[in-house]
Amino acid sequence: MRPVPLRFTVLGEVRIWRDGAEVDPGPPLRRTLLALLLARAGSPVQLPDIVDWLWGERAPTRAVNMVHRHVGALRRLLEPELPPRAEGGLLLRGGGGYRLVVPADSVDLLRFRLLARRARDVLGRSGPESAVDVFAEALALREGPAAGCPAQAPAHPVFVELDREYDAVVREAAGVALECGRADRVLPALSASAERHPLDEGMQALLVSSLAATGRRDRALAVFRTTAGRLADELGVDPGPELTTARLRAEGEDPARTEPPVTPPAFTPAQLPSSLPAFAGREAELHRLRALLDGADGIRAGSGDTTAPLVCAIGGTAGVGKTALALRLAHEVADRFPDGQLYVNLRGFDPAATPTPARHAVRAFLDALGVPAARVPDSPDAQTALYRSLLAGRRMLVLLDNARDAAQVRPLLPGTAGCLVLVTSRNRLTGLASADGAHPFTLDVLTPDDARAVLALRIGAERAAAEPEAVAEIVSLTARLPLALAIVAARAVAHPAFPLATLAEELRGTSRGPDGSRGLEGPGALDGFRHSGSDTATDVRAVFSWSYDALGPGAARLFRLLALHPGPDLTVPAAAALADLPVGRTRPLLGELADAHLLTERTPGRYAVHDLLHAYAAELLHTTDSTAQRRAARRRLLDHCLHTAYAAALLFDAPTALITPVAPAQPLPETRPAALDAAGAQLWFRTERPVLLGAFRQAVDSGLDAHVWQLAWCLERFHERFGHWHEYLAVQRAALPAAHRLRDPVALGHARRALGRACMMLRRFAEAEEHLRYARGWFEEAADGNGEAEVRLARWAVLTRQERFGEALDELAPALDLYRASAQRKGQAYVLVSRAWGEACTGDCHGALTHAHQALALFQELGVRIAEGYTWDTLGHVHGRLGEHRRSVTCHERALAVFREVGDLFNEAGVLDRLGDARLAAGDRAGALATWRDARDAMQDFDPVWAAEVRAKTERHAQTP
């Protein structure tokens, strides 16, 4: 038989066979690209996504051209007979990127999915015994994790999604195999999956049960003990009911007669936002969702199935009412979930904002469940495992609103049944359906009857019944979109004396010009918003303009100006700066916009604009306000962002060389953030980061060079402390040309120094030294002694990281002289603590102790809390060099407490590594291993090289007897 012309594997090492002979896919990046295209199974992968997946934040300037070259090479590899530059029939351009079209039987992943579906069919027709063999055939296709790709590739969401899809089938197959007494058929795959997920209680419970079922009782109990120990050491929790039940069965006991205790959450969270008071319609959708929930409850009651939670993914276009439907159902069935309700807005589609990382949502859920901060693990994976352990065996409702993709949702899914998860998203989340068994729902616009019911409920049934023709026309002109209907209803309620016919006439007049054409038709941000062939974009634009025309002049102007704001939401002072009004006069205008449903007050004092309304405001701004007016408003906003960020930077971690922010073009209404201390300023930066980065981009685009380098200065310490190093480098690289254009030596000194530190954090030491050499020259030219001293301290750090301790110490004496000349006591303390570290490294530990204690006294006197952490860390280092290991442990623990208090993620990770060293030296090997694991997990996101070093150290000492 002639072999398949092309064959691929992606469930393990990425490999290709052509006509039965294996061919080399090429270098790692090309293998990764091929794996991404195969994982998408014929669907287009957009070019920006390819660039992001291949390089992340380190994308080179010619990344797109490099992708094109890799695509060309793959085409020649797959179809060697193609003439030059021909596209061929396999790797096709389209959908804003590329897609690979190959037969399903030529890719192991597609065969795996086909076999898994076939196994489910066989299970339904012939029972579990016949299905097990098909499941086993599917599971045998996996050969291991992705290989031959860059080191970061297996951790990418695409590959993580493939792993989770495989593990979901492993769980399913193991349950079926246990049911028919053939656990041995899937035991190898189950053992491998359990090894990859040591804290997954559901997976470990299946392994314990399968080992016991195959006569390996001792091994089953050993797995239970190991898992229980890990849960206690790493999460601080006992085994849940599922794992405990598996242990009891392995011991031959009846779980029904020995019920394990279930520890309830410390709190019963009730986080659901309120449901819309004027909700109507959607009965068909609600009926389907209720039926799913009833069916899931029936299955559990009948068979005791505890394999997975019920996940419902509600998709649909913007403004169609996904959140309203989810909230309606959630409140209706909340009494079925007595252990509480969790809610998070994942902000997957907020304008100019990045989606909420899943690890942040998990951390918030742990807080809501009453987990003390001291018991929260540092590793995101461990936090997810603790979250799932707390939900195991409990009835909890989880609402994940505005999700971007399946990868964002998956860490937030409970591990066992009993919970209901409602997900809303504008995307279809097909990966969630295929890999996690989610039930997809696509929400359409309202039916005409439902739209009339919604309007009647909002404006009053009698008023609607009195003018049915006007109601029908309003329903038609709003395109039956719930968001548009809400805006129209708000206008009607605000003017109860207006006949609905008059309102319909106003709306009709807005939607059509004197010649019958659409009033705002033409190219614009809303033109791509269409549904089912109707001109929804124009109708929605008409509804928005109709509501906008009802505003007072001040509110209308503010609404237009909101299009200039770069973040997901804005504060009252930011709105005041845009409008050039006092805060007191701005608040009522924001209230007017909120009353008209053109703005939402998400939390007290923070307002958000729906992205459709944001697009409409941008259209209005460019057709109503002059270029000069737009430029002036943007300048006021950037002035506000700069001066507010400067105030926060001084609270968070004020440097020794301050800058003078550029004077605002007009007096600003308010610039001091609500934060009054370092911890509050840290939280402020985390909240405002998307806004500040958007403002930075606006400053670059607007040519406001002083704002560019000064905003970069304000963000520098936050970027460094929180591990946003690639972002740090990108911002500082953009700031340097701005400083050059200004020809200001102080600006150039700060820009070069910051760029040097960013390079240092990314281990680009030669480049860092070059930037610092330039920075020192610019500060010398400007006669800025504190600036020059900061450069010397930065160079000390670069040299110390390279273990060039003698050269590093040479930088400190001149820095101390400069700080003494300016009477800068904090700078002197920084020199002292730096000197103490270097002296300990060169053998002068007694001098190091003297200088470290002098620095500590100065920092405590000045109230520089974050620097106290550096000093305690240094004292731990010095005592370790002296062989005083118990004291070393104590000092490092004090440093760790400070860094956690102020939220310094980078230094927290570093001190964890050194604390592990100190614990090992003090004879606490188990404590050292646990601490190193925490350090490794903390470093993984921002310094994978260091994380790998710590991992190797951990593995080396774990194997030592």
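This dialogue covers the salt bridges of a predicted model.

Colleague: What should I know about numbering and cut-offs first?

Modeller: Residues are numbered from 1 along each chain as its sequence is written, and side-chain values use heavy atoms, with hydrogens and water left out. The model is predicted, so local features need pLDDT of at least 70 and side-chain atom pairs count only at pLDDT 80 or more, while totals for chains, interfaces and linings use all residues.

Colleague: What is a salt bridge, and how many are there?

Modeller: A side-chain nitrogen of Lys or Arg lies within 4 Å of a carboxyl oxygen of Asp or Glu. That rule gives 45 salt bridges. One of them pairs Arg363 with Asp367, 2.4 Å from N to O.

Colleague: Which helix holds Arg363 and Asp367?

Modeller: Helices are DSSP runs of H or I, at least four residues, numbered from the N terminus. Both residues sit in helix α13 (residues 358-368), 4 residues apart, about one turn of the helix.

Colleague: Where do Asp639 and Arg635 lie?

Modeller: In helix α27 (residues 627-653), 4 residues apart. Asp639 is buried, at 0%.

Colleague: What about Glu839 and Arg835?

Modeller: Their side chains form a salt bridge of 2.9 Å, N to O. Both belong to helix α36 (residues 825-841). Glu839 is buried at 7%, whereas Arg835 is partly exposed at 35%.

Key. Helix = DSSP H or I, 4+ residues; strand = E, 2+ residues; numbered from the N terminus. Buried < 20%, exposed > 50% of the residue type's maximum accessible area, 1.4 Å probe, protein only.
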